[in-house]
Amino acid sequence: MMASNTAALLLLLLLSFQLIAMSLSQTQLSTQDLPALIKIRQQLGNPDALAGWRPDSLCWGWWPAACNEQGRVTKLFLERLNITSTLPPAIGELDQLETLSVIEMPGLGGRIPDSFCNLRHLSLFNLMVTSVSGPIPACLSRTNLTSASFFRSKLNGTIPGSLWKLPYFTYFDAAYNNLVGPIPPLLVHGGTPDRPLGLMLDGNRLSGPIPWTFALERHLLQFRVANNKLTGDPSFLFGRRKTVTGTIDLSGNNFRFNLTGVEMPMQLSFLNLSHNRIYGGVPVSLRDTRVAVLDLSYNDLCGKIPTGGHMVQFKAAAYEHNKCLCGTPLPPCANGR
């Protein structure tokens, strides 16, 4: 009986040691990224929203940082904090980070730190409505980005051509910054029906033609390059074989091509080609599309506007200030033509 009790006691002690070891291991794992979070908090001026990042805290109390089952920080959401600071370089120490979202922080300035290029697992990077300036680091090609949005910040310089090295980079929004130079070939690529491409570069100072490599992409969600200094013939963005389920906005550039025979994608919903130098006539293919918003104004278009099908919904403003367009909803063509 004594031997049985001794064995049971030893087993109980062994299990206790194992539980203690597991607890210690879990504590160690769940605090591994805490020093980096504390640095980030300090670099942001210790805002109250990040008060949970303190030496005695554990992973589940670190929101707006989120952890995985091993206690490593994989997501960080810095949104709408009323601070005046620079973008913290210490974020680059969170080496398991997959999502970084910095949104509506106009007091946040400085540059995108080169330390961010150490984030090998970073897939989603949002830097929206901030005062962050400087160039987009070329070394972001060393991350795992699939989506990046720099909407309404103050970035300048050229778009790094190295971003084509990102194998699954399908969404890029840098609208309303101060970017110059050309659009790199293969900037976003590899669109699929489940993950169509999105490229938003409105309101910059980009120049040159749209790269012909976009002719190879069949699945587009958004393609917006309005209000730049782009030139050339981008008609390869269209075609019946293309699946465009959202917007094509090429307005406010210096594009010049013949629109007459362009085949519009059937599922296209928004088309703005205004304020260019596009010539020819309104394509008959518009009749069979799902376009709900159309603007062809301020171009060099001429001839009779097609009727029937989907055309009935478009008002005169969609065609105004062209060379010699006529017919419904504009005044009738001379001699019935």
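Reply: A disulfide is counted here as a pair of cysteine sulfur atoms within 2.5 Å, and by that criterion the structure holds four disulfides. This is a predicted model, in which local features need pLDDT of at least 70 and side-chain atom pairs count only at pLDDT 80 or more, while totals for chains, interfaces and linings use all residues. Residues are numbered from 1 along each chain as its sequence is written, and side-chain values use heavy atoms, with hydrogens and water left out.

When the bonded cysteines of the protein chain are numbered in sequence order, the pairing reads 1-2, 3-4, 5-6, 7-8. One of the disulfides joins Cys59 to Cys67, with an S to S distance of 2.1 Å. For accessibility, buried means under 20% relative accessible area, exposed over 50%, and partly exposed in between (1.4 Å probe, protein chains only); Cys59, at 11%, is buried, whereas Cys67, at 23%, is partly exposed.

Another disulfide links Cys302 with Cys324, S to S 1.4 Å, and it is left-handed because the torsion about the S-S bond is about -100°. Cys302 lies in strand E21 (residues 300–304) and Cys324 in strand E22 (residues 324–326), so this pair ties together parts that are 22 residues apart in sequence; strands are DSSP runs of at least two residues, numbered from the N terminus. Cys302 is partly exposed at 32%, and Cys324 is partly exposed at 31%.

Cys326 and Cys333 also form a disulfide, with their sulfur atoms 1.9 Å apart, and this link is right-handed, with 95° about the S-S bond. Cys326 is buried at 13% relative accessibility, and Cys333 is buried at 12%.

How values were computed. Helix = DSSP H or I, 4+ residues; strand = E, 2+ residues; numbered from the N terminus.
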